[in-house]
Structure formats: structure tokens, C-alpha cells
Amino acid sequence: AGTSGRNRIIGDVRWTTGWLVPVARFERDHRRTASDSTQLRDVSEEWAGDLASGSLVPWRFASGFTARRDQREAGPTRTRLASRVWRTQLESPASGALGVALSAQRRATRDLDTQARTLNDLASMRLRGEQRAMGLAGSFQVEITNEAENRRVRALRFVGAGRGSYDAFGNFVGTGDYELVLTVSPELERLARVATSARAEWRFGSSEGWRGSRVEFSLEDEARRRGDLRLADVVLSTGAALVDPSLARGSIAQRLEAELAPGSRAAAIRLRAERRVNVDRLFVGFSQTTDLRTGQLRWRARPTSTATLESEARVQWQQASQQASLGGRFDRTLVEQGANAQLVLQPSTGLRAAAVVDLAWARPQGQLESTRTLRLGPDLGVNIGSKGRADFSVRRAFVTGAPAVALLPSADPAGAARWDGTARFDLRLHESTTFGLSSTVRERPGRAAVVNGRVEVRAFF
């Protein structure tokens with residue numbers, strides 16, 4: 001019915017000066033789409049005005065306002081929306097040792113038929129600093145938005161002993177006493193979101209062995225809160241995230257890393273301490289928190305140009321907590337210590353071989369006996385022709401002591417597989433195209449081996 005077509009009018013007027021650049025824009029778009037039953041008609045009108053700084057102003061400034069109206073007609077059905085957008089932006093010169101960039105936007109939308117209103121905010125701040133003579137650099141970024149998601153309810157239903165697939169805490173265990181029921185409500189729940197990232201770095205060392213040494217601290221966190229944000233959400237505290245019930249979702253990653261004497265042939269040292277906290281209370285009637293803390297110390301020596309010896313000591317502390325409204329509460333903490341060593345031989349660029357040994361002790365907190373795991377095996381990488389590369393890795397695990405326990409109950413068995421192997425082949429078909437084959441094999445006592453394969457073609461444009 002009807003005919004298809006499009007009429008579009010665009011107007012743009014600006015006055016360019018060295019100090020200010022005012023701009024006025026107008027656009028009207030009328031589209032008609034024919035179909036067998038009815039004709040669709042979309043009409044949009046937009047008016048916009050912007051005021052920005054000119055080329056003579058070192059700081060870049062821009063501010064504007066947009067008013068838009070959309071109308072859609074599909075036979076007797078008609079929808080009309082009106083929106084208003086306010087935006088502003090400020091940015092310092094890019095060549096300065098210190099820099100700042102600020103931006104903010106607010107969008108208000110109103111349904112002209114039902115008078116329903118929605119409001120969306122977006123704001124961000126970026127700070128950077130650098131002192132090259134002292135080797136110091138840092139950055140700080142914050143982004144704030146408002147979002148809306150459908151309200152979701154996660155409920156457990158008892159179906160009988162062994163007749164379900166979930167345990168009393170909502171974990172999939174294959175054979176359990178409960179079934180999980182997920183309900184999605186059409187009602188939208190407003191969530192205020194803030195994401196923050198920060199980094200501070202110090203580079204030092206001028207001799208051959210110490211050149212490239214560095215100490216770096218990085219922080220990444222994200223908070224989604226029901227209702228309004230709090231100032232403390234900008235740099236979210238790990239302790240507050242674990243206990244705050246109004247925080248729907250949160251993630252925190254804190255990492256301190258140091259590399260000392262990376263060019264040394266006898267003792268290149270790397271230290272790393274990291275903590276990751278994840279909180280999920282988005283489902284009504286269910287909450288889950290995890291807290292992971294790790295520490296690593298690595299030593300590397302290169303006695304010859306073709307041989308490298310690396311050893312590492314590590315400690316790991318993991319805690320998980322789950323709360324279900326009808327199932328109860330689950331808490332578990334795992335403690336692990338371990339060490340590994342590897343000898344790498346690389347006689348040429350096309351051949352690399354390594355022997356790896358890894359030893360770990362893991363136990364739930366409060367339990368005296370540990371699960372002892374010894375894993376060892378070779379790694380091999382070799383070029384095939386001028387465009388191919390094949391890599392192989394095999395591990396054999398020997399497990400003694402107490403049975404392994406997973407951090408959270410699961411249908412998958414805990415602990416290391418008895419045999420674990422990977423194989424990968426990559427072939428460069430073109431300068432920007434690569435073909436790849438990969439496969440992994442895991443074998444556990446009393447279970448069939450699990451084999452996964454993958455074929456991929458990667459193209460870069």
C-alpha cells in the first residue's frame with residue numbers, strides 16, 4: 001500500500017572566528033515505507049545550537065542544545081516523542097604536562113501521547129599528569145551514567161531429593177534438590193552507574209640491567225546502585241561493597257606491580273599484589289560476593305643467550321559468599337600456596353622448548369590437611385615454513401592429600417585434571433588474514449576425556 005520515498009532537508013549556519021564559533025543546525029527527515037498491509041511513515045525534526053571555542057583559545061570548550069521531535073505512523077498506530085539534550089565539554093591543551101577533560105550530557109525524553117518521561121545523564125572526567133624527567137606518570141578517569149534494567153527475580157523451588165539440578169544456594173550441581181526459577185518483570189529499575197580507573201607509575205633506572213624498572217599501581221572499579229549515587233562510589237571501598245545491600249552490582253580491581261632490573265642476566269625480579277572483589281545483588285532474592293587476593297614473586301635468570309630459568313612463588317586467598325532468600329547462606333574460604341619453575345631453551349627464533357614444574361597446596365580455611373598438586377610437563381613451539389606456527393603443551397598432575405574443593409559448588413569436578421594438553425596451529429594466509437586451529441584435552445580418573453576444538457579465521461582491517 002502506498003509508495004516509498006524519502007525527503008530530507010539539512011541546514012547548517014556557522015560563524016568562524018578566532019575566539020568563538022557559533023553554529024546553528026536544522027534537519028527534517030521524512031521517510032515513507034510501503035508494505036502489503038499498510039504504509040509506514042517516519043518524520044523527525046531537529047533543531048540544534050552549539051557554541052565552541054576558536055583556534056586562538058588554547059582550552060577547547062563546547063556547549064550546545066538539541067531539540068528533536070519524532071513521529072511514527074503505522075496505519076492507525078501512532079507514536080510521538082520529544083527529546084531535549086543539553087551538553088557541555090571542556091578540555092585542556094594536549095601538549096601540557098597536566099591535562100583535564102570534562103564532559104556532561106543530559107537527555108530528557110517525553111512521550112507526547114502518554115506524557116511518560118525518561119531522563120538520562122552522562123558525565124565524565126579525565127585527569128592526566130606526566131613528569132618525564134622524574135619518570136612519573138598518572139591518570140584518573142570517572143564516568144557517571146544512569147541506566148534502567150528489567151527487574152529480575154531469582155527463586156529456588158524444592159522439587160524433591162535428587163530430582164533437581166541446583167543446590168540450596170542456587171548453584172548448578174547437576175543433581176540436586178531444587179530447581180531455579182528466573183522471572184523477568186516488565187517494570188524498569190533505575191540504576192545509577194559510576195566507573196573509575198586510576199593509574200600511577202614510576203619508571204627508573206639508567207644502567208643496562210636496571211633500565212626499564214618500574215613501580216605501578218592501578219585501580220578499576222564500577223558501581224551500579226539502586227537509586228542515587230553516593231560520593232563514596234567514585235572510589236568504591238572493598239569493605240563497603242561486600243556489605244552494602246543497596247549496591248546492585250560492583251567490581252573492584254586493585255593491583256600493585258613492580259619490575260626490578262628487567263635487563264639483568266642474573267636476577268630480574270617481578271612482584272605483584274592484587275585484589276579483586278565482585279558483588280552481584282541484581283537479582284531479587286539472591287546475592288553473591290567473591291573476594292580474591294593474590295601475591296606473586298618471580299625471579300628470572302638468563303645464564304646464556306639461548307636459555308632462561310624462571311621461578312615463582314605465590315600465595316592466594318579466595319572467599320565466596322552466597323545468600324538465597326529461601327535457600328540459606330553459603331560461605332567458603334580457600335587458601336593456596338604454590339611455586340613453579342621452568343627452564344626455557346630457544347636456540348633460534350623458530351624453535352622454543354620448555355620444561356615446567358608446578359607445586360601447590362590448597363585447603364579450606366579451618367581445615368588442617370591440604371590438597372597437594374604436582375603438575376609437570378613440556379611446552380614446545382616451532383615454526384612451520386615461513387608463515388606457520390605450531391605450539392604444544394602437555395601437563396601431568398599428581399594429586400595427594402585431602403580431596404580438592406571448589407570455591408563454589410558446581411557440577412564440574414574440583415582440582416586439576418590428571419592429563420591436560422593443548423595444541424594450536426596458526427597460518428598467515430595474507431598480511432591481514434590468519435587461519436587458526438586449536439584443541440584442548442582434559443582427562444580425569446573415572447571420567448571420559450573432554451576434548452574441545454576450535455577453528456577460526458581472523459582478518460584485520
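Is Asp177 buried, partly exposed or exposed? I opened the predicted model with that in mind. Asp177 has a relative accessible area of 31%, so I log Asp177 as partly exposed.

**Entry: Asp177**

I looked up where the residue sits. Asp177 belongs to the loop between β10 (172-176) and β11 (178-204). I then listed its contacts, leaving out residues up to four places away in sequence. On that count Asp177 touches Arg157, Phe158, Val159, Gly160, Ala161, Gly162, Gly164 and Tyr166. I also took a C-alpha distance to Leu374, 197 residues apart from Asp177 along the chain. The separation of Asp177 and Leu374 is 35 Å.

**Entry: Leu136**

I went to strand β8 (residues 136-158), where Leu136 is placed. Leu136 has 35% relative accessibility. Leu136 and Arg203 are 67 residues apart along the chain, and their C-alpha atoms are separated by 6.6 Å.

**Entry: Ser213**

I moved on to strand β12 (residues 213-226), which contains Ser213. The relative accessible area of Ser213 is 0%. Buried means under 20%, so Ser213 is buried. I looked for a polar partner of its side chain. A polar atom of the Ser213 side chain lies 2.7 Å from the backbone oxygen of Trp210. With neighbours within four places in sequence set aside, I find Ser213 in contact with Trp202, Arg203, Phe204, Glu259, Leu260, Ala261 and Pro262.

I followed the pairing from β3 onwards. β3 (residues 39-53) and β4 (residues 60-74) are antiparallel, with 13 bridges. I marked Leu40 opposite Ala74 in β4. Six residues lie between β3 and β4 in their hairpin. How many bridges join β4 to β5 (residues 77-91)? I find 15, and these two strands also run antiparallel. Ser63 stands opposite Thr88 in β5. The β4 and β5 hairpin has two residues between its strands, and Gly75 in the turn has a positive phi of about 65°.

β19 and β20 pair in the antiparallel sense over 12 bridges. Val357 faces Leu376 in β20. Their hairpin leaves six residues between the strands, and I noted a positive phi of about 100° for Gly366 in the turn. β20 then pairs with β21 (residues 388-401), antiparallel, over 12 bridges. Here Asp379 stands opposite Ser393 in β21. The β20 and β21 hairpin has three residues between the strands, and Gly385 takes a positive phi near 70°.

**Entry: largest pocket**

The largest pocket holds about 600 Å³. I count 26 lining residues, with Glu336, Ala362, Ala414, Gly415 and Ala416 nearest the centre. Which strands each supply at least two residues of the lining? They are β17 (307-324), β18 (328-348), β19 (351-364) and β20 (371-384). β19 gives the most, with five residues. I sorted the lining by class: 13 nonpolar, five polar and eight charged residues.

Key:
Residues are numbered from 1 along each chain as its sequence is written. This is a predicted model: local features need pLDDT of at least 70, side-chain atom pairs count only at pLDDT 80 or more; totals for chains, interfaces and linings use all residues. Side-chain values use heavy atoms; hydrogens and water are left out. Two strands pair if DSSP finds at least two bridges between them. Helices (H or I, at least four residues) and strands (E, at least two) are DSSP runs, numbered from the N terminus. On a 1 Å grid over the protein atoms alone, a cavity is a set of points where a 1.4 Å probe fits but cannot get out, and a pocket is an open set with protein on both sides within 12 Å along at least five of seven lines; lining residues have an atom within 4 Å of a point. Grid points are joined across faces, edges and corners, and a volume is the space filled by probe spheres set on the points. Ala, Val, Leu, Ile, Met, Phe, Trp, Tyr, Cys and Pro count as nonpolar, Asp, Glu, Lys and Arg as charged, and the others, Gly among them, as polar. Buried means under 20% relative accessible area, exposed over 50%, partly exposed in between (1.4 Å probe, protein chains only). A polar contact is a pair of N or O atoms within 3.5 Å; within protein, one must be able to donate a hydrogen and the other to accept it, and residues adjacent in sequence count only if both atoms are side-chain atoms. Contact means heavy atoms within 4.5 Å.
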